[in-house]
Amino acid sequence: MVLSDYIDSAFFDPSIDSSDGGFGQGSAGRGRELGLPSEFLLAVGQERRDYKTLIGAARTAGVPLVIVPSSEWVGEEAQGSERSDVIVVQRRLPWVELRELYRRSLAVAVAIEPNTDYAAGVNGMLEGMSMAKPVFVTGTSGLADYLDPECLAGIAHPGDIGSLTCALERLGDTALMSSRSAAAREKVIREYTLESYVGRISNELEIATA
């Protein structure tokens, strides 16, 4: 039995403005210290992340990229970047500050290495969906159960810069992005809350002990 993951949708709620406790004026302008652009694509996490492909696609599509690798390691392709279109936040962030980054982002990208047969990246994907952001993801076999094309902004071929670039270029379709973002939040509330997760476990236990 495999149960889908869940997300704290009450915390990752797009209606919560945490700027005073995160990157806003109330924290001495830490967003300015990080050099964050006014609009950016956000990528979070390190496990099996394909940042080389993501950086290439973001640059080709002309979208500034902010990477929060959740550790001091993010891969040679992102370390030491001197270009202002790629910002790597090389430290762990408090959850409130991470949520604020999601809230301020233009969209969320989850690029996973090819041949990843387990659900690496699912947390970042669900966090972005819960925050009602357009979410772009590479379609690995490990994420197959989560890939709903009606809720995601784009699904790209793993390791394919051209495919991911084409997906990111859909950001210009604001009506589509708004529709997919709303659908993503609705799907999280419907299927990926802690309550629904506990409910699935309870149902499986009832079936197993019947």
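Visitor: Is K187 buried or exposed, and what is its relative accessible area?

Guide: In this predicted model, K187 has a relative accessible area of 8% and is therefore buried, the cut-off being under 20%. K187 forms a salt bridge with D148, and the closest N and O atoms of the two are 3.3 Å apart. This pair links distant parts of the chain: K187 belongs to helix α6 (residues 174-191), whereas D148 lies in the loop between β5 (135-138) and β6 (154-156), 39 residues apart.

K187 and D148 also belong to a network of salt bridges that includes R190 and E191. R190 is exposed, at a relative accessible area of 52%. E191, at 27% relative accessibility, counts as partly exposed.

The structure holds eight salt bridges. Another of them joins D85 and R59, with the closest N and O atoms 3.3 Å apart. R59 is in helix α2 (residues 51-61) and D85 in the loop between β2 (65-68) and β3 (86-88), so this pair ties together parts that are 26 residues apart in sequence. D85 counts as buried at 17% relative accessibility, while R59 counts as partly exposed at 30%.

Key: Residues numbered from 1 in each chain as written. Predicted model: local features only at pLDDT ≥ 70, side-chain atom pairs only at ≥ 80, totals over all residues. Heavy atoms only, no water. Salt bridge = Lys/Arg side-chain N within 4 Å of Asp/Glu carboxyl O. Helix = DSSP H or I, 4+ residues; strand = E, 2+ residues; numbered from the N terminus. Buried < 20%, exposed > 50% of the residue type's maximum accessible area, 1.4 Å probe, protein only.
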